[in-house]
Amino acid sequence: MVDQTNMNTNSGIGDNDAQMQDRNADASAASRTFPTGVIIPPAKVEPRMTSVPDTQTSRIPKYVLRFTCTGHTKSVSSVKFSNSGHLLASTSADITVKLWNPENGQKKMDMKVTHSQGISDVAWSHDDRLLCTASDDTTLRLIDVETEREIQTLSGHNNYVFSATFSPDGDTIASSSFDETVRLWDYRANRCMRIFPAHSDSVTAVSFSLDGTLLASCGYDSLCRLWDTESGRCIKTLAGPTSSPASFVRFTPNSKYLLVSSLDSKIRLWDFMSETSVVKTYQGHQNQRFCIFNTFIVTGPTKYVASGSEDNLIYIWDLVTRKVVQTLEGHVDVVLSVAAHPTHPILASGALMKDCSVKIWRDDSWLEESTPLAY
């Protein structure tokens, strides 16, 4: 999901098959012949809202840079807040995992992982005790946060592992790879439970629904697919309006919609339960080459979408109006990764090789107004 194009020739990211790693708009055209299946009944998703709101309390965010966290020596590939919000994890092409205190920007852990090539993504377990790293060396590694020790290696993919995520119940891990598959892992037993022949090109991201019954994937074939995690059946295929690669996907917090980034500089909100499909489109940023993370900001009275950009900025859109309401300037290279704090108006970001920093942004004008998750 992060893009690793031309990160560094010695990073492990970009060492193999440079053309594949250069995630640009010239990727293979989508194959439309894969069977789409039948949409899953709405009751299995258990949404907490029935539609995208037409209006919401409107407020212009006022995020400012609070901390610049340095220490990575190569491109920062992923930043993720723990579920409690007490820690921020970052990974890099330098094959390290670092933990930061988001309240003061201080480093809490600095670990060299035994991957042989760069790390593309990191994920927290539901109880924040474990981290999972995905690497270009085709493996995933499990790290015990308390002991700072690697406890497991998951092997099976035969090409770069691009993304990883824990299921909501914490029992399984989903991973996606340039080998065109998605895998489900029983990490405690160190075995692959299921292999999804997911796409006809590299699979760039995976995301679990709130109840873990659905898994979304997207890929360079420009498609997004929904999978029943129990049966392994593809129940829906979403084809975008263009053939641009789909570079990142996540469920909304209520799992009613999908937020999909693609390499045509657009982020689309899909109502996958409806035939109307795309209900919102967010644009204005630059994204034609790199697989850049998107995120939701849901901790205040106004809900937002945020994304990194190839013009070195972070863009924030009003979820409802789709207007760009703030851009954040501070990085000096492409911003690959953004993450939103689960309970406070705090953002984290990471950037490519000319920058190598993790930045923490805060909107302190909201802190007294933070509300429980609503979208």
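This is a predicted model: local features need pLDDT of at least 70, side-chain atom pairs count only at pLDDT 80 or more; totals for chains, interfaces and linings use all residues.
**Entry 1: aspartate 128**

I began with aspartate 128, which is buried at a relative accessible area of 15%. I use buried for under 20% relative accessible area, exposed for over 50% and partly exposed for in between, with a 1.4 Å probe and protein chains only. Residues are numbered from 1 along each chain as its sequence is written, and side-chain values use heavy atoms, with hydrogens and water left out.

Where does aspartate 128 sit? I found aspartate 128 in the loop between strand E6 (119-124) and strand E7 (130-135). Strands (E, at least two residues) and helices (H or I, at least four) are DSSP runs, numbered from the N terminus. I then looked up phi of aspartate 128, which is near 65°, a positive value. Most residues other than glycine have a negative phi.

**Entry 2: serine 265**

Next I checked serine 265, whose phi is near 60°, again a positive value in a residue other than glycine. Serine 265 lies in the loop between strand E19 (258-262) and strand E20 (266-271). Is serine 265 buried or exposed? I read a relative accessible area of 13%, so serine 265 is buried.

**Entry 3: threonine 237**

I moved on to strand E17 (residues 234-239), which holds threonine 237. Threonine 237 counts as buried because its relative accessibility is 15%. Which side chain does the side chain of threonine 237 touch in a polar contact? I found that of arginine 225, at 3.1 Å. A polar contact is a pair of N or O atoms within 3.5 Å; within protein, one must be able to donate a hydrogen and the other to accept it, and residues adjacent in sequence count only if both atoms are side-chain atoms.

**Entry 4: cysteines**

How many disulfides does the structure hold? I counted 0 disulfides, taking a disulfide as a pair of cysteine sulfur atoms within 2.5 Å. For cysteine 218, the nearest cysteine sulfur is that of cysteine 224, 4.9 Å away. Cysteine 218 is buried at 0% relative accessible area, and cysteine 234 is buried at 11%.

**Entry 5: a sheet**

Last, I traced an open sheet of 4 strands in the order E2-E3-E4-E5, with antiparallel pairing. Strands pair if DSSP finds at least two bridges between them. Strand E2 (76-81) and strand E5 (107-112) are the edge strands, each pairing on one side only. Strand E3 (residues 88-92) and strand E4 (residues 96-100) pair over 4 bridges, and I saw serine 90 opposite lysine 98 in E4.
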